[in-house]
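Subject: Handover of a structure and notes on its contents

Dear colleague,

Please find below the structure that I am handing over to you. My notes on it follow directly after.

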Amino acid sequence: MEQLDDSAKVRDAAPKDAAVVILIRPGKTPAQPQVFWARRSERLAFLAGFHAFPGGQRDELDAIVSVLHCDDPERAAMIACAARELFEELGVMTARGAAKFTSGQRASLLDDLQSGRMTFPVLLAHYGLHLDAVDFTFIGRWVTPPFSARRFDTWFFMVECPPKQEPAITDDGELEAGQWIEAGAALARWERGEILTVPPVLHALETLTGGLTPDVVERFLSVAHARREAARRIEFVPGFICFPLRTPTAPPATHTNCYIVGERELIVIDPASPDSNEQLALANCLDELRRANRRVREIILTHHHPDHIGGVAALQAHLGEHVPVAAHRLTAEALAERADFRVTRHIEDNELIHLDGAPPLALRAVHSPGHTRGHLCFYEEGRGVLISGDAVVGLGSVLIDPPEGNMRDYLATLRRLRALPHLFVLLGGHGPAVGNPAAKIDEYLAHRLERERQILAAVGDGLKRPPEIVARVYTDVSLLAHSMAERAVIAHLEKLEAEGIIRRAKESNGQISYLACGEGVAVH
């Protein structure tokens with residue numbers, strides 16, 4: 001939760017190999033198949049609450065599985081990975097020879113695999129089963145965008161569901177609420193804002209909506225993203241485009257998310273990067289949208305930190321000075337000395353920002369201090385979308401650094417965000433979208449309060465100075481991160497002091513220390 005550890009390994013990690021299966025069967029319309037998808041469990045660390053196809057990470061034993069009609073060892077290993085994951089998650093066995101088994105026998109085989117009595121290669125060999133590359137149509141490799149701490153180089157395969165086999169969610173806890181659905185109907189659910197999914201799934205649905213024509217594989221591979229080019233323009237929800245920009249931000253993040261919101265009228269939230277190549281990529285994206293008769297009305301800032309405002313001046317120059325910059329009054333004050341741009345409009349708490357389109361959008365500004373005094377979030381109640389800036393993020397946690405940061409304000413902000421009605425998805429300033437926003441905010445609150453209890457206990461035991469408290473409380477982070485942890489401890493100590501639970505004292509050498517005010521005082 002609180003990513004204060006040395007994160008170099010996370011920042012430099014290569015994507016892990018994974019495989020996904022788009023399981024299909026004939027639909028009511030002959031030209032358009034049904035696909036089997038499922039909602040990912042909210043307990044998962046990666047894409048919780050998103051709709052996805054079955055799949056998972058490559059296992060080292062996948063490389064020893066023999067695959068008929070496949071001379072490429074890498075492709076053979078990924079076919080084995082796809083077949084194993086499909087069997088583990090849905091109980092569907094795609095090996096040649098599996099037709100001889102009843103559903104009960106397949107369940108027994110699955111139990112052998114899940115219990116560890118047999119590995120997948122041993123299971124196949126023991127029962128005389130063979131994977132055949134002919135049954136696995138390769139339709140692309142997608143690489144997770146670099147804003148995510150968990151990245152995958154994912155092989156996608158299209159597979160026809162074997163006759164007399166019905167997929168069912170197993171009890172592995174990763175997937176829930178699976179169903180067969182026609183590709184067009186699935187796409188319509190996303191367009192209505194009913195479900196969350198990721199670009200490769202959307203591309204698959206759009207492609208299959210066009211039917212299983214002879215050129216279907218060519219259409220799958222027609223986009224560069226299906227050939228391992230990382231996606232830049234990511235529309236998690238219709239009308240809300242995430243455009244990650246590389247910035248000099250704090251680890252484990254490497255990117256800051258810029259959001260382009262609207263249908264016909266657009267606002268750009270946090271054009272973050274000072275890098276000219278990143279600025280050009282964002283400008284090109286907006287030019288493409290403008291060629292489709294969409295107009296940028298305003299640039300909006302969630303707060304004043306450099307990793308959120310680095311590209312404002314460049315974007316304003318590209319769009320023309322007639323496009324104003326808006327932010328909270330306190331953010332404008334913090335940026336008053338900048339020479340390259342000015343905040344020309346102040347956004348007040350609860351102000352509604354209406355955007356024309358089909359459907360129109362109405363974003364409510366939520367003053368959310370804690371990380372900074374003038375921090376703003378933006379909530380669109382109709383779709384349940386919260387653009388949360390650095391109040392809550394999809395990667396790591398949020399540093400509260402006094403004097404600008406205030407822990408008491410931050411906890412109040414988290415409780416206010418938790419109370420928003422119909423909250424469906426959280427779009428943070430860093431990392432991927434969060435499909436379980438209520439659980440994420442509850443996690444943030446629980447984590448902060450647990451740290452506070454630990455800090456108060458340390459003070460009660462006679463530890464007086466922040467470095468001593470960090471050594472006691474932050475045993476789960478590396479020494480390299482203790483300076484950041486000390487800032488978080490000071491934020492908690494200032495909150496406890498303001499509440500009269502501890503008091504500050506100045507020692508003879510001028511250092512500040514903290515003492516408990518009394519025994520048995522509860523933390524609220």
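Strands β1 and β2 (residues 34-40) pair in the antiparallel sense over 2 bridges, where two strands count as paired if DSSP finds at least two bridges between them. Within β2, V35 is the bridge partner of I24. Helices (H or I, at least four residues) and strands (E, at least two) are DSSP runs, numbered from the N terminus.

This is a predicted model, in which local features need pLDDT of at least 70 and side-chain atom pairs count only at pLDDT 80 or more, whereas totals for chains, interfaces and linings use all residues. Residues are numbered from 1 along each chain as its sequence is written, and side-chain values use heavy atoms, with hydrogens and water left out.

With strand β4 (residues 55-57), β1 pairs in the antiparallel sense over 3 bridges, and A19 faces G56 as its opposite residue in β4. Strand β1 itself spans residues 16-25 and is mostly covered, with 7 of its 10 residues buried. Here buried means under 20% relative accessible area, exposed means over 50%, and partly exposed lies in between (1.4 Å probe, protein chains only).

Two nonpolar cores deserve a note. A nonpolar core is a set of buried Ala, Val, Leu, Ile, Met, Phe, Trp, Tyr and Cys residues joined through side-chain atoms within 4.5 Å. The largest one has 57 residues, and I22, V261 and F378 have the most contacts inside it. Helix α6 (residues 199-209) supplies the largest share of this core, 5 residues. Apart from it lies another core, of 41 residues, including L23, A76, V159 and C161. In soluble globular proteins, nonpolar side chains tend to be buried together.

Which residues does V261 contact, leaving aside its neighbours within four places in sequence? Among them are G239, F240, L266, I267, I269, L355, L361, L363 and I387, with contact meaning heavy atoms within 4.5 Å.

An open sheet of 7 strands has mixed pairing and the order β10-β11-β12-β13-β14-β15-β16. Its edge strands, each pairing on one side only, are β10 (234-237) and β16 (345-346). Strands β13 (residues 265-269) and β14 (residues 295-300) run parallel and are joined by 5 bridges, and L266 stands opposite V296 in β14. Helix α10 (residues 312-319) packs on the sheet, where it touches β13, β14 and β15 (325-327), and its direction makes about 155° with that of β14. For such angles, axes are lines fitted to C-alpha atoms, for helices over the stretch in contact, and the values run from 0 to 180 degrees between N-to-C directions.

A further open sheet, of 5 strands, has the order β17-β18-β19-β20-β21, again with mixed pairing. The edge strands are β17 (352-355) and β21 (425-428), each of which pairs on one side only. From one strand to the next, the twist averages 25°. Strands β17 and β18 (residues 361-367) pair in the antiparallel sense over 4 bridges and form a hairpin with 5 residues between them; L355 stands opposite L361 in β18. Strands β19 (residues 376-380) and β20 (residues 385-389) pair in the antiparallel sense over 3 bridges, with Y379 opposite L386 in β20.

Most residues other than glycine have a negative phi, and most peptide bonds are trans. The peptide bond from A358 to P359 is cis, with omega near 0°, and P359 lies in the loop between β17 and β18. Another cis peptide bond joins P402 and P403, with omega about 5°. R228, in the loop between α7 (216-220) and β10, has a positive phi near 80°; R228 counts as partly exposed because its relative accessibility is 47%. N350 has a positive phi near 75° and is placed in the loop between β16 and β17.

Yours sincerely
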